[in-house]
Structures are given as C-alpha cells and as structure tokens.
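Please read the following walk through the model with the sequence and the coordinates open side by side.

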Amino acid sequence: MEKANETSPVMGFILLGLSAHPELEKTFFMLILLMYLVILLGNGVLILVTILDSRLHTPMYFFLGNLSFLDICFTTSSVPLVLDSFLTPQETISFSACAVQMALSFAMAGTECLLLSVMAFDRYVAICNPLRYPVIMSKAAYVPMAAGSWAIGGAASVVHTSLAIQLPFCGNNVINHFTCEILAVLKLACADISINVISMEVTNVIFLGVPVLFISFSYVFIITTILRIPSAEGRRKAFSTCSAHLTVVIVFYGTLFFMYGKPKSKDSMGADKEDLSDKLIPLFYGVVTPMLNPIIYSLRNKDVKAAVRSLLRPKGFTQ
C-alpha cells in the first residue's frame, strides 16, 4: 500500500507558503495587497499616458510601457495565489494550473532581463551617439527589439515548462514555496533532473550573464561619455536620463543573483532561517521590484508628470 502511494502520479500540489509562520500571514497579506494595488495603479497609469500622450511616443517610453505591462502580468500571475495562501490553511493548486503559473512567471522574468538590456542600448545610443539616435532607434528598429524580447522570453519558458511537466511526480506533492517556482517544483520530481539543471544553467547564461555584461559595457561607455561633457549641468542632465534605469537594473539583477547564488546553510537553525529567506527573497523580487519600477523610472519624470496632468485635466480647462 505504501509503495503504491509513492508511485501514484501527482494530480496537484500543496503550497506551504508561510504556514510554518502563521504569525506573519496577516501582516504579509496586508503588505502585499497594498503593494499589488500600487503596482496596478502606477504601472497602469504609465501605460495609459505612454499610449495617449504623443509627446511620449519615443523609444524610451515605448520600452517603459512594455516594462510596465510586463510587471502587471508578472505580478498578476503569482500575487493572487500568494494572497490566497495567506487566507487558506492549506493552499492547493492543480497540476495544469501550476504549469501555467510557472510558465507565465518564467516568461515574464526572462523577458524583463532582455528588456532591461534593450533599454540600456537605448540609453547608450542617446548619450554616446545622439546625432544618429533617430536613425538607429527608429520605429522599425525598436519595435522588433521589444517584440524579440517577449518572443525569446516566451520560448525559453515553453522549453523549461515542457521539460518540467514531463517529469514524474510521485509521493511528496508539497511545494515549500508561495507559488509554483520552477526550482521548488523540480525538487519534487522522482526522476533524474540533470537535463533540467543543464538547461537552467544555459538559460542563466543567456538571461543573466549576457545581459549583465552587455549592460555593464554599455554603462562604461555611457559614463566615459558623460565625464567628457565640459559643463557640470550637462553632466548632471545626461546622467539623470540613465540613473533610473541603472537603479532598476541593480535592484532587479541584484535580487536574482542573491536569490540563486547564495550558499546553503548546513546548520539546522540556520537552515530554518534560510528556508524563510528562500521564500521572502523571491517575494521581494516578484512584488517590490515591479512596485518600484514606475516610481524610480517614470513617475518622477517631468515628461510623465506633465502627461498625467494633461490626462486628468478636464477638457476645455486651461490654467
């Protein structure tokens, strides 16, 4: 009987979430709900103004609109599930729903890595080669750049999700996480996952290593060009156009590298704290970063502020 249970296929998963720390659930529910509403409002307003205001029909704001839409999709694919886990004693999710949620999250994360690289290139051209900027970053160029980022991120997600759902899952069906995070799901497979691990490592190089190198080299040239500007006002103005992007990159990639690169604890008490941090760090990555993006990158931008005021001002009203 025990052997039969161990080999029976898994039809769904149980998400532990913060069930081991019930005292934190109400606090995190209110905190994450508030953050999610800010994400929807901030990114939603940004998308609206970049579409409706012709002054924002530039490559930079086109990429920002894509980033905002991506952040809304990414958080919506996981945050409702996280919020429900705080209210439900034992959150369960079907195998198919888990696969869909895993695919969406992976696709959004991969696409954001590439979008940030494309945005770095946009800033590089604007600062280092401003006279050719309209030619290099024409609509025929920047639209395929964004579309390619979505396509590559989606393709990578399909590959990894397909490899994951083909694995046999038997016996233990408890995911020690808030959502169907791919690494947490792979731990439950009762088969060799070496192909999955190798494919993940290749993907890490493509979506983490290559973009970070590209962004780093871009900013070496950007900073070198800025330092050559003779006036202090000119240097300040040039740096202000890319400082927000640099901040977003540091928050985004810093969280990812810390999440997947930190060493494992061998101490039992340390392992318990590490278990909690392994859940909270991805939560920070999945909620706080999309919340900060419109604040850091756009909502403090004078062009966006003017577009928002223009959008909210009643027709026929003049100051």
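A residue is called buried here when its relative accessible area is under 20%, exposed when that area is over 50%, and partly exposed in between. By this cut-off Cys242 is buried, because its relative accessibility is 1%. The model is predicted, and the values below are computed from its atoms.

Cys242 takes part in no disulfide; the nearest cysteine sulfur belongs to Cys128 and lies 9.1 Å away. A pair of cysteine sulfur atoms has to be within 2.5 Å to count as a disulfide. Another buried cysteine is Cys113, with a relative accessible area of 3%.

How many disulfides does the structure hold? The number is 1. The bond joins Cys98 to Cys180, with 2.1 Å between the two sulfur atoms. Cys98 is part of helix α5, whereas Cys180 sits in the loop between β3 (174–175) and α8 (182–186), so the bond ties together parts that are 82 residues apart in sequence. The torsion about the S-S bond of Cys98 and Cys180 is about -130°, which means that the disulfide is left-handed. Cys98 is buried at 2% relative accessibility, and Cys180 is buried at 2% relative accessibility.

Helix α5, which carries Cys98, leads on to the packing of helices. Two packed helices are described by the angle between their axes and by the distance between those axes. Helix α5 covers residues 95–128 and helix α7 covers residues 139–165; their axes come within 7 Å and cross at roughly 145°. The crossing of α5 and α7 has a right-handed sense. In the contact of α5 with α7 there are 19 nonpolar residues, 8 polar ones and no charged ones.

Helix α5 also packs with helix α9, which runs over residues 194–227; here the angle is about 20° and the axes are 9 Å apart. At that angle α5 is roughly parallel to α9, since angles under 35 degrees count as roughly parallel. The crossing of α5 and α9 is left-handed. Its contact residues divide into 19 nonpolar, 5 polar and 1 charged.

Are α7 and α9 roughly parallel or roughly antiparallel to each other? The axes of α7 and α9 come within 10 Å and cross at roughly 165°. This angle lies over 145 degrees, the limit for the antiparallel class, and α7 and α9 are therefore roughly antiparallel. The crossing of α7 and α9 is left-handed. With this pair, each of α5, α7 and α9 has been described against the other two.

Phe106 is in helix α5 and is buried, with a relative accessible area of 16%. The C-alpha atoms of Phe106 and Thr161 are 8.6 Å apart, although 55 residues separate the two in sequence.

Leu67 belongs to helix α3, residues 59–76, and is buried with a relative accessible area of 2%. Between the C-alpha atoms of Leu67 and Met119 the distance is 9.8 Å, for a sequence separation of 52 residues. Val82 lies in helix α4, residues 79–87, and counts as buried at 3% relative accessibility. Val82 and Leu18 are 64 residues apart in sequence, with their C-alpha atoms 9.7 Å apart.

Is Thr241 buried, partly exposed or exposed? Thr241 is partly exposed, because its relative accessible area is 31%. This residue is found in helix α10, residues 232–261. Its C-alpha atom is separated by 9.2 Å from that of Ala126, which is 115 residues away along the chain.

Conventions
Residues numbered from 1 in each chain as written. Predicted model: local features only at pLDDT ≥ 70, side-chain atom pairs only at ≥ 80, totals over all residues. Heavy atoms only, no water. Axes fitted to C-alpha atoms, helices over the stretch in contact; angles between N-to-C directions. Helix = DSSP H or I, 4+ residues; strand = E, 2+ residues; numbered from the N terminus. Left-handed = near helix turned anticlockwise from the far one by under 90°. Nonpolar A, V, L, I, M, F, W, Y, C, P; charged D, E, K, R; others polar. Parallel < 35°, antiparallel > 145°, perpendicular 65-115°, else oblique. Buried < 20%, exposed > 50% of the residue type's maximum accessible area, 1.4 Å probe, protein only.
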